[in-house]
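Hi,

Here is the model I said I would pass on.

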Amino acid sequence: PRPAATPYRATGIAVSPDGKWLAAAFSLVENDRQLPTKDAGWDLQLWDLTTRTLAARARGTRWGLTRLTFSPDGRHLAGLTTGYAKESDWYQGTLLV
């Protein structure tokens, strides 16, 4: 089995236009002390700034996730991975497809 992955460093951040939501992307590294640090994908966290709670989370195993941005109405979140753009309608429960 693969070792568990841990968020390592922030690679993208965005605040929704209404100031209620914070999206933060992190690179992941494997938790295997026997091996050199190895990239393990990305971790996306969506925070409710009103309640200061984690509202949603998604992880991917390929490439990094950077350059997050919300749509003007705040209902969509977009980010870049190496070679690909990803978009989500997180308001409907779909986080980065």
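Below is what I found in it, going from the whole chain down to single residues.

First, a caution: this is a predicted model. The mean pLDDT of the chain is 78, with 64% of its residues at 70 or more. If you go element by element, strand 4 has the highest mean pLDDT, at 88, while strand 7 (residues 84-88) has the lowest, at 61. So please read strand 7 with its mean pLDDT of 61 in mind.

**The chain as a whole**

You will find seven strands and zero helices here. Read from the N terminus, the order of elements is simply β-β-β-β-β-β-β. The chain has 97 residues, and 35% of them count as buried. Its accessible surface is about 6,300 Å², and carbon and sulfur atoms make up 52% of that. As for contacts with a separation of 6 or more, 35% are between residues 24 or more positions apart.

**The nonpolar core**

Which residues make up the largest nonpolar core? There are twelve: Ala14, Trp21, Ala23, Ala25, Trp42, Leu44, Leu46, Ala58, Leu65, Leu68, Phe70 and Leu77. Strand 2 (21-30), strand 3 and strand 5 each put at least two residues into this core. As a general point, nonpolar side chains in soluble globular proteins tend to be buried together.

Leu68 is one of them. Leaving aside residues up to four places away in sequence, Leu68 touches Gly12, Ile13, Ala14, Ala23, Ala24, Ala25, Leu44, Leu77, Ala78 and Gly79. Leu77 is the other one I would pick from the core. Leu77 sits in strand 6 (residues 77-81) and has a relative accessible area of 0%, so Leu77 counts as buried. In sequence, Leu77 and Ala23 are 54 residues apart, yet their C-alpha atoms are 8.3 Å apart in space.

Where is Asp43, and is it buried or exposed? Asp43 belongs to strand 3, and because its relative accessibility is 0%, below the 20% cut-off, Asp43 counts as buried.

The structure holds two salt bridges. In one, the side chain of Asp43 meets that of Arg57, at 2.9 Å from N to O. That pair ties together distant parts of the chain, with Asp43 in strand 3 and Arg57 in strand 4, 14 residues apart. In the other, the side chain of Arg59 meets that of Asp43, with an N to O distance of 2.9 Å. Through shared partners, the salt bridges join Asp43, Arg57 and Arg59 into one network.

In general, side chains of opposite charge can pair when their charged atoms come close.

How do the arginines compare with Asp43 in accessibility? Arg57 has 44% relative accessibility, so Arg57 counts as partly exposed. Arg59 is also partly exposed, because its relative accessibility is 42%. Asp43, at 0%, is buried.

**Two residues with positive phi**

Arg52 is not a glycine, but its phi is positive, near 55 degrees. Arg52 is in the loop between strand 3 (39-48) and strand 4 (53-60). With 74% relative accessibility, over the 50% cut-off, Arg52 counts as exposed.

For Arg67, phi is near 50 degrees, again a positive value in a residue other than glycine. Arg67 lies within a strand, namely strand 5 (residues 65-70). Its relative accessibility is 64%, so Arg67 counts as exposed.

That is everything from my side for now.

Best wishes

Terms used
Residues numbered from 1 in each chain as written. Predicted model: local features only at pLDDT ≥ 70, side-chain atom pairs only at ≥ 80, totals over all residues. Heavy atoms only, no water. Helix = DSSP H or I, 4+ residues; strand = E, 2+ residues; numbered from the N terminus. Buried < 20%, exposed > 50% of the residue type's maximum accessible area, 1.4 Å probe, protein only. Core = buried A, V, L, I, M, F, W, Y, C linked by side-chain atoms within 4.5 Å. Contact = heavy atoms within 4.5 Å. pLDDT = per-residue confidence, 0-100. Areas by Shrake-Rupley, 256 points an atom, 1.4 Å probe, with all protein chains shown as cover. Salt bridge = Lys/Arg side-chain N within 4 Å of Asp/Glu carboxyl O.
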